[in-house]
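Hi,

Here is the structure I promised to pass on.

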2 protein chains.
Amino acid sequence: MLSTPPLTELEGAALALIKRETALTAYEIKEGFRRSPSSYWSGSAGAVYPMMKRLEGAGLVVSLDESNSRRPRKVFRLTNGGEAALRSWLIDEERAADAGYDPLRTRLPFLVHVERRAARELLDSVEARTREMPAPSEDRHAALVHESWRVMRLAWIAELKCQFG
Amino acid sequence: MLSTPPLTELEGAALALIKRETALTAYEIKEGFRRSPSSYWSGSAGAVYPMMKRLEGAGLVVSLDESNSRRPRKVFRLTNGGEAALRSWLIDEERAADAGYDPLRTRLPFLVHVERRAARELLDSVEARTREMPAPSEDRHAALVHESWRVMRLAWIAELKCQFG
DNA sequence: CAGAGCATGTAAGAAGTTACATGATTGT
DNA sequence: ACAATCATGTAACTTCTTACATGCTCTG
């Protein structure tokens, strides 16, 4: 059997959004990404529309035309193959354990190269911005995850401030 | 004055590596990325060599030929402009406060769609892999940051396991 | 009736990935 | 002698970004 390449993070996340809502338009998926507090999920049309075309071509989603009168509306649903691909993506241990990409963590080892005051100001600003970061509103699970993440993040920043203070 | 576009994360990190070691070859920079515990820093030649060419074209680094006998060796150093660009990148508050990209955090809100047992197994695996993750060896600061990050990460995972248990 | 949001997409260009090509040096 | 590592890059391809183009619908 032909093994399809594993889903990218963007593809997996798109399928997950569809799974949660049963059916979504490309626009709604795009907005879902755009609302995320991470700039990694930029939610650009030029990424999402071609991706949905790819996923449909791979047979992981099907589109249904729900246009009413003059307003276009094309919704995507998961196929059985899409459900299976989503599951594999969700429980992929190697991917889930990856340290990912963290702009603060990236900068920290190099902050010794700026004055102590500038480093402290950066940490203060990051702390304030993290506190102000809006939680996702559409989903209870997402909101809970975001809150527990924020709490851990703030504790880490507090510890870093001691080390750099 | 002409405002150059802000550095990408890869460019900023490359300049930071050079700053730490004073002078590095493209190969050494590439290996620095490849050794990182995050797959985000893939360290592919096809990304690093053209990037160094770009940075040299922008006047942020200069290259010096240190080839001995038959072995080629081209080292890069920061220019004054490179030092300034690095500093701006390091203390960029908006970038540093970004939530970045975290494969575990991305998946968590959707784990309700798999059986409880599979979700628990995923968290166990992520915990074990995080524990085994090797700390960066080349730099004391990087090792310290990595250790404090790991501690926070493991505490978060423990909390998540309670929520999902 | 104007502006924001919904909804579809495409085009040009930038940047990254994998894979290849070449050759010297070092360790076993 | 052989493999791993040092060291330089390039070529084809994929994917994402920014910006554009189009038009409907709702709210003030």
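Predicted model: local features only at pLDDT ≥ 70, side-chain atom pairs only at ≥ 80, totals over all residues.

In β3(A), T25(A) has V75(A) as its bridge partner. That belongs to the pairing of β1(A) with strand β3 (residues 74–78) of chain A, which is antiparallel and runs over two bridges. Strands here count as paired if DSSP finds at least two bridges between them, and the elements themselves are DSSP runs numbered from the N terminus: helices are H or I with at least four residues, strands are E with at least two. On β2 (residues 61–65) of chain A, five bridges join the strand to β3(A), again antiparallel; V61(A) has L78(A) as its bridge partner there.

Residues are numbered from 1 along each chain as its sequence is written, and chains are lettered from A and ligands numbered from 1 in the order in which they are written.

Over in chain B, three strands make an open sheet in the order β1-β3-β2, with antiparallel pairing. β1 (24–25) and β2 of chain B are the edge strands, each pairing on one side only.

α3 (residues 45–57) of chain B has 13 residues and spans 18 Å from first C-alpha to last, close to the 18 Å expected at 1.5 Å a residue (the expected span being 1.5 Å times one less than the number of residues). V48(B), M52(B) and L55(B) are its buried residues. Looking down the axis of α3(B), the buried residues fall within an arc of 65°, so they line one face of the helix; the arc is taken over the directions from the helix axis to the C-beta atoms. The face turned away from that buried side of α3(B) has the exposed residues G46(B), P50(B) and G57(B). For the cut-offs, buried needs 20 or more other C-beta atoms within 10 Å of a residue's own, exposed 12 or fewer, and partly exposed is in between, with C-beta atoms placed from the backbone.

What do the buried residues of α3(B) pack against? They pack against α1 (9–21), α2 (26–34), β2 (61–65) and β3 (74–78) of chain B, a contact being C-beta atoms, placed from the backbone, within 7 Å. After α3(B) comes G59(B), with a positive phi near 80°.

DNA strand C has 22 residues around it, and the closest are Y27(A), G46(A), S42(B), S44(B) and G46(B) (near means a C-beta atom, placed from the backbone, within 6 Å). The elements giving two or more residues to that surface are α2 (26–34) and α3 (45–57) of chain A, together with α3 of chain B.

As for the two protein chains, their contact takes 49 residues from chain B and 49 residues from chain A. On the chain B side, α8(B) gives the most, with nine residues.

T22(A) sits in the loop between α1 (9–21) and β1 (24–25) of chain A, and is exposed, with 9 other C-beta atoms within 10 Å.

Cheers
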